[in-house]
Amino acid sequence: MELELRELDGPALLAAAEAAAERLALHEAEVNALNVFPVPDGDTGNNMSQTVQGALREAHRAGPALGEVARALAQGALMGARGNSGVILSQLLRGFAEALRGRERAGASEVAAAMERGVETAYRAVMKPVEGTILTVARRAAEAAVAAAGGGAGLAGVLREALAAAREALAETPRQLEVLARAGVVDSGGQGLVYLLEGAAERMGTGRPSETGLPSAAGPAVVPAAVPEPAAPPAGYREEALESLKEPYETEFFLVPAVAPDFAGWRRELAGMGSSLVVVEGDRLARVHIHTADPGRVLSWAVARGELRDVSVVNLRLQGEAYARENGLAPAPAVSAEAPRVAVVAVVQGDGMEHLYRSLGASALVRGGPSMNPSTEEILSALRQVPGEGVILLPNHANIFLAAQQAARLAGRRVEVVPTRDMAQGMAVLMSFAPGRDLEAEAARMKDVLAEVRTGMVTRAARDAVLDGVRVREGDFLALRGEELVHAGPGLEEAVVALVERLAGEEARAVTLIYGDGVEEVGARQLAERLESLKPGCEVRLERGDQPFYPFLVAVE
């Protein structure tokens, strides 16, 4: 019996998304292992899987229409996005949803066009798109889908061609990025996307893998990976901060103009009605997002200019209070009358690190880092709940940059992201933090400090590999300065010494050594004393960080 879908509707899209999530969950560890560096922090599979789970949670609450399910998937992915691949995936879904807005069902051509729209949205979201990544795989899949639809293929045929093109693009990624070729891996985000497409195509194709020619997900029934509850903001929640919201109503709507729109003029007019204003220009409509004290005034303005659709007004104060109740947060202590002008939110891992960051003045911490990237929603929650006129956000990992920037855009307040790549960099900029300065001035000063600080880390190789022409064996200690391999060998102390020698020139004044989880304090002190003898006149500071995966982090001033 022919089971092939001819049109996509809401239930079919939800079923396809569930199948995609199951297929990715089945291969999550495999995607995690596609790390360019043989270090134990590969997390792309985990990040993408949790992003999809966030999308599914929202979609299960949505109405049955196709456009509504697509919108909910995009919204859930937006808030649940983890890591750079997760953020890009959320943008692919956002564009897909925008193309299907208002539709009850869609045929092959509409689905292909929606995939193309998703790719356009994702490319726009990345400041410097790089080929040989998940973006390339998504683009090639969409191009094949559009071509197949133009040739008269049905829904299953379109998806089959898209998947074939995605697999081809994935196989070519090592030829596009030298770093992948050297590591002998394909792009991890691209691989995750291929698994998602496999699951979706299989479900939408026939429901029977053997009839689509697609590989079957062999093995027992798959249970999607458990998704941890969003982390509670450890020190950021303040009822007083919620009470003090001057523009508590997040107001969003689509506006179909009655006459030719003047977007520039609209922005000027709306700017006087609230903050966090975003006016997105679409095809014969606009999407408006604003935080305001008077949503009625905003909606009256909009009605005078056209037809309103999908109006949403959310009371951020009540939303925050509900979040606190649901997460069992105790009422916060009273805020000092001298609340800091600028607050700092940082992403950290390890009990010792949390203590260090709090002692240096961080207002709120988001637990996360290598292998456990926080979601956009978790970062956003912390940004919205700390006091102060503005917030500086320290992501402390390159794979958290996009989620940090996405959260900053959604926060509805002034946020500056200082792009710290590891917790040692974050500590270095935080040590000179002055909360009384203006936000932009303080962020600029921190970025100047960041440009000067030299940091590195020591970890263990998770697999055999060849890095920068050096053969690395599983279990070796690796000393890394950014993406540069400084040393590889069986000795931990030798790796730390080699790293300090590379980072600390003749002019170095101080070395900060932060020891991680599993390192005994006695051994760390002995190593610090050895470094002092090797670097006479250079102060060596020892701190306990308890960070996982990295026995030592090093910062040099």
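Mentor: Strands of a sheet pair through backbone hydrogen bonds, either parallel or antiparallel. Here strands E11 (residues 454-460) and E14 (residues 477-481) run antiparallel and are joined by 4 bridges; two strands pair if DSSP finds at least two bridges between them. Helices (H or I, at least four residues) and strands (E, at least two) are DSSP runs, numbered from the N terminus. The model is predicted: local features need pLDDT of at least 70, side-chain atom pairs count only at pLDDT 80 or more, and totals for chains, interfaces and linings use all residues. Residues are numbered from 1 along each chain as its sequence is written, and side-chain values use heavy atoms, with hydrogens and water left out.

Trainee: Which residue in E14 is the bridge partner of Arg460?

Mentor: The partner of Arg460 is Phe477.

Trainee: In what order do the strands form the open sheet?

Mentor: The order of the 6 strands is E15-E14-E11-E18-E16-E17, with mixed pairing. Strand E15 (484-489) and strand E17 (539-544) are the edges, each pairing on one side only.

Trainee: Which strands does helix H16 touch?

Mentor: Helix H16 (residues 351-359) packs on the sheet and touches E16 (510-515), E17 and E18 (552-556). Contact means heavy atoms within 4.5 Å. The direction of H16 makes about 115 degrees with that of E17; axes are lines fitted to C-alpha atoms, for helices over the stretch in contact, and angles run from 0 to 180 degrees between N-to-C directions.

Trainee: What lies across E11, E16 and E18?

Mentor: Helix H19 (residues 423-430) does, running at about 40 degrees to E18.
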